[in-house]
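Have a look at it first, then read on.

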Amino acid sequence: MAKSPEEEHPQKAFGWAAKDSSGLLSPFHFSRRETGDGDVTIKILYCGVCHSDLHNVKNEWGFTMYPVVPGHEIVGTVTKTGKNVKKFKVGDRVGVGVLVDSCKRCESCQQDLENYCPQMILTYNSYSQDGTKTYGGYSDIVVVDEHYVLRFPENLPPAAGAPLLCAGITVYSPMKYYGMTEPGKHLGVAGLGGLGHVAVKIGKAFGLKVTVISTSPKKEEEAVNRLGADSFLVSSDPAKMKAAINTMDYIIDTVSAVHPLAPLISLLKLNGKLITVGLPEKPLELPIFPLVLGRKLVGGSDVGGIKETQEMLDFCAKHGITADIELIKMGDINTAMERLAKSDVKYRFVIDVANSLSQ
Ligand SMILES: NC(=O)c1ccc[n+]([C@@H]2O[C@H](COP(=O)([O-])OP(=O)(O)OC[C@H]3O[C@@H](n4cnc5c(N)ncnc54)[C@H](OP(=O)(O)O)[C@@H]3O)[C@@H](O)[C@H]2O)c1
Ligand SMILES: [Zn+2]
Ligand SMILES: [Zn+2]
């Protein structure tokens, strides 16, 4: 008979899990594998709350395996190292993002693109190589192969830096890959949530002119005065949207729900690029005429490889980029999820795991 999550492994673990598609999280006892020769065991300090966690706990993508312990923006401290571990020692401040394993042999892995490995293993809602389920960072400890663990720069504050491990790399990687970094070019950021607000900051650090395209007029003041955007467009304002047609070189679309692409494509100049990173639960409609007539490109991107994630963390540390966060207790997670569903967060919830997770 299969062992229960609590008995599968030798290291006791505790976290909060959703048990069904109501998405409600509650305390959950489980276990973590023994620290293998190439593994580090990490005491989790902070974990960001990504909209993907919300999609997952509510089974909006249709592949959630309950119980699910979400969380893939993890910052913690190394407490144990296996005998072959070279990168880390006990006491090091480290990060874990969206993936915890991959095959290490395929074309993607060989190019430091583990995030596109067909056998990539996600931090939660996935199966480890030993056949047991992975559980994420809304929990006390995690055991990870050192290759998938990031050095967390000393001058990055751990709570506000945690969201970089998913939100940060998810916008940084396409900006690099699609050549969206030429100073002076105009970047549109659709959706001012966790990903979007970090995209504004990274875009400014690359020297871009940044315009936020939002459904929330109340975010304008902060977008410009606090986050550093150059301008702000409310997508429901036809006059302003019309005036902005043909003005943008690139757009990063971080919107989490089904939305029309035509208005965004119309904002792009000739040869403009619309890169979608948001993952709405249903397909979007793609109008072909404006793409063809303006030689425009629509692309996608999925987080980033480990090497690039380290590069992004170091870049953010150098430029003083962190997320704007609301620090919450573990027990506040269900309210936080309700607010996240309504785009009511400035701009990322981060759970103070070590100080609020008690059994
Ligand atoms: N590709 C990847 O690797 C990757 C990685 C992480 C996350 N994601 C996905 O990216 C999406 C965003 O994640 P997040 O954590 O940034 O979410 P978030 O904090 O909830 O931000 C999403 C933003 O989208 C806008 N929005 C929400 N509903 C909308 C609607 N019906 N129409 C138009 N705009 C709407 C809101 O911005 P305004 O209020 O400004 O309109 C909201 O703040 C999610 O789908 C997530 O699963 C993908
Ligand atoms: Zn995420
Ligand atoms: Zn691979």
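Let's start out in a loop: Tyr347 is found between α11 (333-341) and β17 (348-351), where helices (H or I, at least four residues) and strands (E, at least two) are DSSP runs numbered from the N terminus. A cis peptide bond joins Lys346 to Tyr347, with omega at about -20 degrees.

Before going further, some ground rules. This is a predicted model, in which local features need pLDDT of at least 70, side-chain atom pairs count only at pLDDT 80 or more, and totals for chains, interfaces and linings use all residues. Residues are numbered from 1 along each chain as its sequence is written, chains are lettered from A and ligands numbered from 1 in the order in which they are written, and side-chain values use heavy atoms, with hydrogens and water left out.

Pro67 sits in the loop between α1 and β4. Then there's Lys104, which has a positive phi of about 70 degrees despite not being a glycine; its place is the loop between β6 (99-101) and α2 (107-110).

**The zinc ion**

Which residues coordinate the zinc ion (ligand 2)? The donors are Cys50 (SG), His72 (NE2) and Cys166 (SG), at 2.0 to 2.2 Å. Donors here are N, O and S atoms within 2.8 Å of the metal (3.2 Å for Na, K and Ca), and since water is not among the atoms, sites may look incomplete. Along the sequence the donor residues follow the spacing C-x21-H-x93-C. Cys50 is in the loop between β3 (39-49) and α1, and His72 is in the loop between α1 and β4 (74-81), so the pair ties together parts that are 22 residues apart in sequence.

**Ligand 1**

Here are some polar contacts (pairs of N or O atoms within 3.5 Å):

| Residue | Part of residue | Ligand 1 atom | Distance |
|---|---|---|---|
| Ser52 | side-chain N or O | oxygen | 2.8 Å |
| Gly194 | polar backbone atom | oxygen | 2.8 Å |
| Val277 | backbone N or O | nitrogen | 2.9 Å |

On its own, ligand 1 has 920 Å² of accessible area (Shrake-Rupley, 1.4 Å probe), and the protein covers 91% of that. Two elements give two or more residues to the shell: α1 (51-57) and α5 (194-205). Of these, α1 gives the most, with three residues.

There are 29 residues around ligand 1, and Ser214, Thr215, Ser216, Lys219 and Arg348 come nearest; a residue counts if one of its heavy atoms lies within 4 Å. The shell divides into eleven nonpolar, 15 polar and three charged residues. At least three residues come from each of domain 1 (11-166 + 323-356) and domain 2 (167-300), with bounds from an automatic or database domain assignment.

How values were computed. Polar contact = N/O pair within 3.5 Å; in protein donor to acceptor, adjacent residues only side chain to side chain. Nonpolar A, V, L, I, M, F, W, Y, C, P; charged D, E, K, R; others polar.
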